[in-house]
Amino acid sequence: MPNKKLLNVIFPFLLLLFSILIANFYFKKFENNFFNKDNYKYSSLYQEDTISYYFPLSDKIINDKSEKKSFFISGDNYINSFLYPRIIYIFNYIFNNNEKIFNEEENKVLLKNHEFFIYLQILVFYFSLVFLYLTIKRDLNRNLSKIICFFLFLNPIIFQYHLSFYTESLFLSFLILSICFLLRSKKIIHFLFIGIFIGIMYMQRTVALIYPLVILTYILLLNENLSRKIFKFISLMSGMILILFLIGFHNLNRAGIFYFTPTQTKLDLQTYLEAEIIKKSEKISYNEARKKLKNFNSDVLKNYKYNLSNEAER
């Protein structure tokens, strides 16, 4: 029995150590492979969204802070993830004393100590699974609970996100934590905090906006009276709406316009749908549809004299 208990303690730590070793192997293989973009040299560890959105916004916050702006009104327009660039900024502040990621003197993009950022993503996911195990073992067989957590941790599709600077790794960890919070929640007030946490998940990835519908299904299946179910859902939505308003007021203070949905949601419609609709409705080629759409947008900007440097008119 003591040996079994010791194995239950040692084996999870061996898994964590194994994952760190895989991360180190990944660094050695890809860290020194470089690409160029806009005259900047960057490691293949950094992906397109990282270079285009997350790192530039982190550097923008550094610039704003140097101009004595508050952290809560710093940054740029809300394009995709609200939270992730700010997590990178905080990491850079703690580990690198806010050294800029885009080095203009050397024309290089580098987040120093980036390996520790990857380790942190792995650790957050690891401890979220520990919490999941502690939560589900009360209702499921302990061995089954271990198997679920084991395969989640070593799933190669999930694990690849921990080795990247994408939003998915932390979002998956948040998702697991939200499930744990939900399964442990009994009181109405608990659902207020779950709503706040779902709002934080929305700040990481906007797909979390549909999660209240999933939780509503869970609430309806509870063996409780209807009024209690209604109050739980109201508490849930109140918590999430609070976070959405905070995002909106942040943008209002920063840019003079209240909004809480990223601009990428609008751009995606133009990128993936509009040209296809024009192509099929007018029976023309895709390239012709794109050209027609581009001309239409140019005419709108010209006729209505929009100023795209003004965030409120974008």
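At 29% relative accessibility, Asn113 counts as partly exposed, a class that lies between buried, under 20% relative accessible area, and exposed, over 50%, as computed with a 1.4 Å probe on protein chains only. Asn113 is found in the loop between strand 4 (108–109) and helix 4 (114–136), where helices (H or I, at least four residues) and strands (E, at least two) are DSSP runs numbered from the N terminus. The structure is a predicted model, in which local features need pLDDT of at least 70 and side-chain atom pairs count only at pLDDT 80 or more, while totals for chains, interfaces and linings use all residues. Residues are numbered from 1 along each chain as its sequence is written, and side-chain values use heavy atoms, with hydrogens and water left out.

The backbone of Asn113 has a positive phi although the residue is not a glycine. Asp38, likewise not a glycine, also takes a positive phi, and its place is in the loop between strand 1 (34–37) and strand 2 (40–43). Because its relative accessibility is 62%, Asp38 counts as exposed. The phi values are set out below.

| Residue | Phi |
|---|---|
| Asp38 | near 50° |
| Asn113 | about 60° |

Helix 10 (residues 226–255) has 30 residues and, at 1.5 Å a residue, should span 44 Å, which agrees with the 43 Å between its end C-alpha atoms; the expected span is 1.5 Å times one less than the number of residues.

Another exposed residue is Phe151, with a relative accessible area of 54%, and Phe151 lies in helix 5 (residues 142–154). Phe151 and Asn141 are ten residues apart in sequence, and their C-alpha atoms are 16 Å apart in space.

The axes of helix 7 (residues 168–184) and helix 9 (residues 211–220) come within 12 Å and cross at roughly 25°, the axes being lines fitted to C-alpha atoms over the stretch in contact, with angles running from 0 to 180 degrees between N-to-C directions. Helix 7 is therefore roughly parallel to helix 9, a term for angles under 35 degrees. The contact, meaning heavy atoms within 4.5 Å, is made by Phe171, Leu175, Leu182 and Leu183 of helix 7 together with Tyr211, Ile215 and Tyr218 of helix 9. These residues divide into seven nonpolar, no polar and no charged, where Ala, Val, Leu, Ile, Met, Phe, Trp, Tyr, Cys and Pro count as nonpolar, Asp, Glu, Lys and Arg as charged, and the others, Gly among them, as polar.

Technical notes: Angles under 35 degrees count as roughly parallel, over 145 as roughly antiparallel, 65 to 115 as roughly perpendicular and the rest as oblique.
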